[in-house]
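Subject: A structure for you to explore

Hi there,

Here is the structure I promised to pass on to you. Have a look at it first, and then read my notes below with the viewer open.

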Amino acid sequence: MRDPRFDVWAPFAKRLRVQVDGEIYDMRRSDESWWRPIGVPELPDEGPHAEADYGYLIDDDPTPYPDPRSRRQPGGVHGLSRTFDAQWYEWEDHDWRGRQLAGAVIYELHIGTFTPDGTLDAAIERLDHLVDLGVDFVEPLPVNAFNGDTGWGYDGTYWYAVHEPYGGPLAYQRFVDACHQRGIGVIQDVVYNHLGPSGNYLGKFGPYLANQHQTSWGDAVNLDGFDSDQVRRYIIDNVLMWVRDFHVDGLRLDAVHALVDTRATHILEDISMEVEAYSAHVGRPLTLIAESDMNAPRVIQPRVAGGYAITAQWSDDFHHAAHVCLTGEAEGYYEDFASTRGGGMGSLKKVLTNGFFHDGAMSTFRRRRHGRPLAPGTNAWRLVASTQNHDQIGNRARGDRLSESLSTRQLAVGATLLMCSPFTPMLFMGEEWGSTTPFQFFASHPEEDLAKSVTEGRIREFSRMGWDESEIPDPQDPDTFRRSKLDWMELDHPERSELLNIYRQLIALRREHPELTAPWLRDVSVEYFVSEQVFAFWRGDLEIVLNFSDQPQSIDLDVDVRWTQYRELPQILFATDDEITLDGERVRMPGHSAAVFGPTPE
C-alpha cells in the first residue's frame, strides 16, 4: 500500500525526488500538481516512534527541503522533516464534551515563559492552579515550528509542526489531554496571514505567497490568485488538523485583517463552514476567535446575514477604554478614548453599551473614520475583552505590565471591570496575581544578519516614539527571554495572593449570578461622575461601582424599579476592600476600590 505521508503539492517543480532516511526516490506528478513517490517502502506500523526523516529535492537543487505539511522539524525549520502518526496517541479525555464560549473565561499563555522549563509537559504541572482559579479555556500563543529556540511563535514557517523545544506534537497531545481531564478547554492561537522570514521554503514548491498583496510582514498568503485553491486547502486542512488530531476546542485566528481575499467567499467563511461541519460530526462545540482591528461586524455575523460566522473576535476597544481609565495614558491610539466627552469613562460607557467605540467614528490614530456599529441583538460574549494581553504588554517598548505602574488596589478595580463586563473575559498569564515580570518581545534567530535586522528594527520603531535606545530590550538577547518568564515564587507574597483571591471570587461570582453572563448589551446601563472618577454600571439586578480615584468617594446607588420587587435594600455581593460600607442606599468607597451590589431577595 502506498504511504501518502510523502505526497506533496509542488506546481513549480519540473522534477521532484524525495529523500527518506538517506535513500532517494523518484516522484510522479499527478492531478493538480500533487507529486507522489515511486517505490518508497511503507513505514512499519509500530506506533508513534516508527519515524522517518525526509526532505524533497526540487529540480537539480541538491538540498533536501522540508515538507510544507511537515508534522515534525526536530532539526529546526531548515532541517529535514520527520513523520508523525497522530493516531497512535491513546487519549484519556473520553468524558470531555467540550465547552461553549458563552459565559466562559479564557487564560492566554505563552508556553516558553509560563514555567521555568518552558515546555508543554511543564505547563501540565501548573494546570491545577488554573482549575483553582476557575478558568474555562487556556489559549496558548502559537506553537507551530518557528526559527530559533525561543520566540513568540507568530513568525512560524511550518504550521503543521509543533515547536520541538516545547516538546513536539506528542507533548502537545498530552497537554490537551491533561487540560480536558481537568475540565479546561484549549483554544490554540494560529497564524495564517504570513510566514516567518527564515525557513520559509514554501515558495520553492508553489505559489503559497501572493506578491500582488502586501502585509506589514511582507507578501500576503495567496488566497485569491492563480492556483490559490490548494493554498486555501492548505489552511483549512491545518485548521482541521488541530481539532481532529490534537482535540483542541477552538482556534484564535491571528490578525485576520491581513488575510487579503477578494473572492466571493472569504477564507474565514470557508474556515467557519468546515469547523461547523466537523463540530456536528464529533458532537462538541468548536470555537473560532478572530483577532481583527477592523471593527467589522461581518466577521461575527452569521452567513445568512452576509457574515463570516466566526464565533467571536477580540475587542481592542474595551482594552483601550479600560486602560485609559486605569492609567490615564492618552498617547497614540489611546488619544481618541481619552479625548471623548467624559474622557476614558465616556469611552468606556460607549463600549459597554454599544460593543464598539469606533463604530464609524473618527480615528485620530488612523486619520480616518473607522468601523461600523454592531448589528442589533449581537451577543456581547462574541467580543473577547482584556485589560492585558500579549500584544498590549509585549508591544510596549519595555514589555511592562500594568503591575509596574498600578497598585494592587488599582489592579483589583481593573479585574472587577473585566469580570463584570458583558464580554468574554480573557486574562494574560500571571495577571491573576499581579505578576511583576515583564513580557518583552524576544526572538532567537541564529542568522546574524536577520538577528541584527530584528534588533535594529525594534530600536528604530520605539526611538521614533521618543524612547531612549538604552531602555529598549534587545529581542535577541537571551536575558530578554529569561526576564519574561513568570516567577511563580511571587505567589508567596501576601499582596499577590490577595489579588489572586480577588480573581477567584470574581470568577465564582460570574457563575453564581446569571446577570454577569447575560449576553444582551441592551440590558447594560451606565452612569459616571467625572470629577469623582466614579463609574457605575448595571448588569440586570446587579450594580457594579468602580472608584478610579485615589480618594474616598460616597455615592447613592441607583435603586430604581429593578429593585422594587425586593423587600430589603441592596447588599454587598463582592468588594475589593473591607472598608467599603453601605448605609441604606449610600455607599462609601475608599480610593481605588470596586464592589458589586445586589438586592436581598425575600
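Predicted model: local features only at pLDDT ≥ 70, side-chain atom pairs only at ≥ 80, totals over all residues.

Before anything else, a definition you will need for the helix notes: helices (H or I, at least four residues) and strands (E, at least two) are DSSP runs, numbered from the N terminus.

Residues are numbered from 1 along each chain as its sequence is written, and side-chain values use heavy atoms, with hydrogens and water left out.

**The whole chain**

The chain has 15 helices and 28 strands. Its C-alpha trace spans about 85 × 55 × 50 Å along the principal axes. The radius of gyration, taken over C-alpha atoms, can be set against a globule rule of 2.2 Å times the number of residues to the power 0.38. For 602 residues a compact globule would come out near 25 Å, and the chain has 25 Å, so the two agree.

How much of the chain is buried? Buried residues make up 59% of the 602. Here buried means under 20% relative accessible area, exposed means over 50%, and partly exposed lies in between (1.4 Å probe, protein chains only). The accessible surface comes to about 24,400 Å², and 46% of that belongs to carbon and sulfur atoms. These areas come from the Shrake-Rupley method with a 1.4 Å probe; for residues, only the protein chains shown count as cover.

A contact means heavy atoms within 4.5 Å. Among contacts in the chain with a separation of 6 or more, 70% are between residues 24 or more positions apart.

As for charge, there are 56 positive and 95 negative side chains, and the centres of the two sets lie 5 Å apart. Lys and Arg count as positive and Asp and Glu as negative, while His and the chain ends are not counted. The place of each charge is NZ of Lys, CZ of Arg, CG of Asp or CD of Glu.

The expected span of a helix is 1.5 Å times one less than its number of residues.

Start with H4 (residues 168-181): its 14 residues reach 20 Å from the first C-alpha to the last, close to the 20 Å expected. H4 is mostly covered, with 11 of its 14 residues buried, including Tyr172, Phe175 and Cys179. What covers them includes helix H2 (120-124), strand S10 (156-162) and helix H6 (228-245).

Next comes H10 (residues 343-354), whose 12 residues reach 17 Å, close to the expected 16 Å. Its buried residues include Met345, Leu348 and Leu352. Among the elements covering the buried residues of H10 are helix H8 (316-327), strand S21 (524-529) and H12. Glycine 355 follows H10 and has a positive phi, near 95°.

That brings us to H12 (residues 408-420). Its 13 residues should span 18 Å, and its end C-alpha atoms are 18 Å apart, which agrees. Because 12 of the 13 residues are buried, H12 is largely enclosed by the rest of the structure. Gln410 and Val413 are among the buried ones.

**Some single residues**

Alanine 575, in strand S25 (residues 571-575), is 162 residues from valine 413 along the chain, yet their C-alpha atoms are separated by 9.7 Å. Alanine 575 counts as partly exposed at 25% relative accessibility. Leaving out residues up to four places away in sequence, alanine 575 touches Ile580, Ala594 and Ala595.

Aspartate 583, in strand S26 (residues 581-583), is 173 residues from glutamine 410 in sequence and 24 Å from it in space, C-alpha to C-alpha. With a relative accessible area of 63%, aspartate 583 is exposed.

Finally, a backbone point. Most residues other than glycine have a negative phi. Arginine 367 has a positive phi, near 60°, and is found in the loop between strands S17 (361-363) and S18 (368-370). Histidine 592 also has a positive phi, near 50°, in the loop between strands S27 (586-589) and S28 (593-598). Are these two buried or exposed? Arginine 367 counts as exposed at 75% relative accessibility, whereas histidine 592 is buried at 15%.

Happy exploring!
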